[in-house]
Amino acid sequence: DRQPEFTQIDCEMSFVEQEDVLNTFEGMMRKLFKDVIGVEIPNPMPRMTWYDAMDNYGSDKPDIRFGMEIHEITPEAHGHNFSVFDDCEYVGAICVPGAAEYTRKQIDELTEWVKRPQVGAKGLVYIKVNADGSIKSSIDKFYTPEQLQAVVAETGAKAGDLILVLCG
């Protein structure tokens with residue numbers, strides 16, 4: 001009497017290891033997807049540890065369709081007389097491919113979004129890697145181009161990308 005999204009499958013297995021359970025259900029999912037909707041699921045299915053999900057995406061249920069993994073840039077951020085970064089334990093950044101052309105208004109909207117209680121940030125730092133390879137950021141007066149280039153390298157940003165930085 002429930003809707004499909006509430007379907008549950010119970011399985012009783014004895015003397016098995018975690019891998020046995022995962023292989024059983026992955027095989028069932030591959031079979032169901034192929035037979036019911038004609039979609040092939042890779043074998044083996046991609047897996048991610050809880051630690052990797054939290055470390056790379058900040059969530060135990062990451063949406064990996066868009067990439068944009070979190071890169072810790074604390075070593076690159078500390079020690080440049082920017083108290084916002086110097087006074088925190090962690091500085092993280094994501095690279096948004098092709099977004100260096102965002103306007104100041106668009107970046108301000110993103111900043112307001114991260115200030116919402118659900119995110120709880122006090123602000124948002126940006127670093128633009130312009131199409132010509134030059135770098136422009138909201139923290140230019142605290143960091144040399146070489147120091148910002150170290151952040152670009154750590155995040156894997158390329159010309160045309162936008163790096164967004166939070167700390168806490």
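**Note on the pockets and the strands beside them**

1. The largest pocket holds about 820 Å³ of space. Of its 26 lining residues, Tyr57, Ile70, Ile94, Trp113 and Leu166 are closest to its centre. A pocket here is an open set of points on a 1 Å grid over the protein atoms alone, where a 1.4 Å probe fits, with protein on both sides within 12 Å along at least five of seven lines; lining residues have an atom within 4 Å of a point. Volume is the space filled by probe spheres set on the points, which are joined across faces, edges and corners.

2. This is a predicted model: local features need pLDDT of at least 70, side-chain atom pairs need 80 or more, and totals for chains, interfaces and linings use all residues. Residues are numbered from 1 along each chain as its sequence is written, and side-chain values use heavy atoms, without hydrogens and water.

3. Strand 2 gives the most to the largest pocket's lining, with four residues. Helix 5 (104-114) and strand 5 each supply at least two. Helices (H or I, at least four residues) and strands (E, at least two) are DSSP runs, numbered from the N terminus.

4. Strand 2 (residues 91-96) and strand 5 (residues 162-167) run antiparallel, joined by six bridges. Strands pair if DSSP finds at least two bridges between them. Gly92 has Leu166 as its bridge partner in strand 5.

5. The second largest pocket has a volume of about 290 Å³. Among its 17 lining residues, Val84, Lys122, Gly123, Leu124 and Cys167 are closest to its centre. Strand 5 gives the most to this lining, with three residues.
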